[in-house]
Number of protein chains: 2
Amino acid sequence: MAAENYDVFQAIADPTRRQVLQMLAGRNLPISKITSHFQISRTAVVKHLRILSEAGLVTSEKIGREKRYHLKPEPLFEVKDWLGFYEQFWDNKLTRLKYVVETEEETD
Amino acid sequence: MAAENYDVFQAIADPTRRQVLQMLAGRNLPISKITSHFQISRTAVVKHLRILSEAGLVTSEKIGREKRYHLKPEPLFEVKDWLGFYEQFWDNKLTRLKYVVETEEETD
DNA sequence: TAATTATAACACCTTTTGGTTTCATTTCAA
DNA sequence: TTGAAATGAAACCAAAAGGTGTTATAATTA
């Protein structure tokens, strides 16, 4: 991969990376274990892990010949903060029903 | 742009698109007005708007020769929901049990 | 020691992204 | 009614993203 500074928003944009994060929730796993859950190559997984690492969402620790990855959810705070701003623009009663009702009020 | 189904996570990954969303918070603006806030070309802005539109984050309405864009924050609920799962890892309180930590099929 | 396991480091490839320029069409307004 | 304003649409481009395979190195284990 080319870019060296990955943003947390970019990091979570990829579905595979979101899956990796979920896999690391609650348990720490080595690369091989993570890779075995995907169809893509280990090299590809490692690249995703590097992006997550650059975004601060995971850390790693070498244990013997393994490299264990840990979830670090702290950078997600930024996303939460960002979302907080937009909450004032949605109607909680409607969004509670999640995608069931599509409103079409156009307020100028 | 090639892809036709933009995910909300992908849509908000780009800083320019996040700025566009912020510009549309509270007021509806035509393309020309949005473009004037950026250095990039109108065409580039339109492409960002299409991506936001495909993600359901904006809608547009034609008024005369203008095309006014409106913020539709509802899809952001998916992001909030997703974040909710990770909050239990930075707090100690359990937020939701909607996403259950996947119990591994492989025992070490 | 030798074979195996886990990872690292490259080189390389294809598609997508984010941008450009150019030209056409529609609408408003003097 | 004619020109400016606002948008649409197409062709094109460089770089980044996401993937591959190969080879090398370090740690384990039979």
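I began with strands 2 and 3 (residues 66-71) of chain A: six bridges join them, and they run antiparallel. The model is predicted, so I noted its limits: local features need pLDDT of at least 70, side-chain atom pairs count only at pLDDT 80 or more, and totals for chains, interfaces and linings use all residues. Residues are numbered from 1 along each chain as its sequence is written, chains are lettered from A and ligands numbered from 1 in the order in which they are written, and side-chain values use heavy atoms, with hydrogens and water left out.

Sheet of chain A

I took strands (E, at least two residues) and helices (H or I, at least four) as DSSP runs, numbered from the N terminus. Two strands pair if DSSP finds at least two bridges between them. I looked up A:S60 and found A:Y69 of strand 3 opposite. Strands 2 and 3 of chain A form a hairpin with two residues between them. In the turn, A:G64 has a positive phi of about 60 degrees.

Helix 5 of chain A against helix 5 of chain B

Axes here are lines fitted to C-alpha atoms, for helices over the stretch in contact; angles run from 0 to 180 degrees between N-to-C directions. I checked helix 5 of chain A (residues 76-87) against helix 5 of chain B (residues 76-90): the axes come within 10 Å and cross at roughly 140 degrees. That makes the two helices oblique; angles under 35 degrees count as roughly parallel, over 145 as roughly antiparallel, 65 to 115 as roughly perpendicular and the rest as oblique. Among the residues in contact (heavy atoms within 4.5 Å) I listed A:W82, A:L83 and A:Y86 from chain A, and B:W82, B:Y86 and B:W90 from chain B.

Helix 5 of chain A against helix 2 of chain B

I turned to helix 2 of chain B (residues 15-23), which packs with helix 5 of chain A at about 25 degrees, the axes 11 Å apart. That makes the pair roughly parallel. I found A:W82, A:F85 and A:Y86 meeting B:R18, B:L21 and B:Q22.
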